[in-house]
Amino acid sequence: MHRLLFLLIVAVIAPVQAASMNDVMMKLEPEERAHQACIMRGIDTINRSKKLKGVDRLKTSILSRATFDGTTVVAKGGAVRADHQWYALKFTCAVGKDQLKATSFDYEIGAPIPKTRYEDLGLWE
């Protein structure tokens, strides 16, 4: 009985949460929406690859500004955090026409960023 109730709750709440996330995303400017979609896709992609353990944050413009051409975000100076350590990150991420979803995420993880640079770069442990 409890399992059935849980499945019913998940079936009702999950679509509502997804819809409300889309509503929030649509309030953002297209470029910011694309960055957010790429961040979500990037964290998921890197975690699944197991190249880094415990990825929980991704920034698009830390070492240099990312670019957006309407369909693709290119970050040559991004950063990704795993287990409280930040690493340099380069990526190319394609998004759909409404910028709500990233359709591809290709990346290269660089060297660890020294903790002595965190404050200057706006990073944290």
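This report walks through the fold, the cores, the disulfide and a few backbone details of a predicted model.

## Ground rules

Local features here need pLDDT of at least 70 and side-chain atom pairs count only at pLDDT 80 or more, while totals for chains, interfaces and linings use all residues. Residues are numbered from 1 along each chain as its sequence is written, and side-chain values use heavy atoms, with hydrogens and water left out.

## Overall layout

The chain has three helices and five strands; these are DSSP runs numbered from the N terminus, with helices being H or I of at least four residues and strands being E of at least two. Reading from the N terminus, the order is α-α-β-β-β-β-β-α.

Of the chain's 125 residues, 33% count as buried. Buried is under 20% relative accessible area, exposed is over 50%, and partly exposed sits in between, using a 1.4 Å probe and protein chains only. The accessible surface comes to about 8100 Å², and 57% of that belongs to carbon and sulfur atoms (Shrake-Rupley method, 1.4 Å probe, with only the protein chains shown counting as cover for residues). Take the contacts with a separation of 6 or more: 49% of them are between residues 24 or more positions apart. A contact means heavy atoms within 4.5 Å.

## Helix H2

H2 has 20 residues and covers 28 Å from its first C-alpha to its last, close to the expected 28 Å at 1.5 Å a residue. That expected span is 1.5 Å times one less than the number of residues.

Several H2 residues are buried, including Ala34, Cys38, Ile39, Gly42, Ile43 and Ile46. An α-helix has 3.6 residues a turn, so residues three or four places apart point the same way. Just after H2, Lys50 takes a positive phi of about 65°.

## The nonpolar cores

A nonpolar core is a set of buried Ala, Val, Leu, Ile, Met, Phe, Trp, Tyr and Cys residues joined through side-chain atoms within 4.5 Å. The largest one holds 22 residues, and Ile46, Leu58 and Phe91 touch the most other members. Two or more residues each come from H2 (30-49), E1 (55-59), E3 (72-82), E4 (85-95) and E5 (102-112). H2 is the top contributor, with six residues.

Phe91 is worth a click in the viewer. Leaving out residues up to four places away in sequence, Phe91 touches Cys38, Leu58, Thr60, Val73, Val74, Ala75, Phe105, Asp106 and Tyr107. There's also a second, separate core of seven residues, with Ala79, Ile113, Tyr118 and Leu123 among them.

## The disulfide

A search of the whole structure turns up one disulfide, defined as a pair of cysteine sulfur atoms within 2.5 Å. The partners are Cys38 and Cys93, with their sulfur atoms 2.1 Å apart. The pair ties together distant parts of the chain, Cys38 in helix H2 and Cys93 in strand E4, 55 residues apart. The link is left-handed, at -95° about the S-S bond, and both Cys38 and Cys93 are buried.

## The E3–E4 loop

Asp83 lies in the loop between E3 and E4 and has a positive phi of about 50° although it is not a glycine. Asp83 is exposed, with a relative accessible area of 60%.

His84 lies in the loop between E3 and E4 as well. The phi of His84 is positive too, about 70°, and His84 is not a glycine. At a relative accessible area of 45%, His84 counts as partly exposed.
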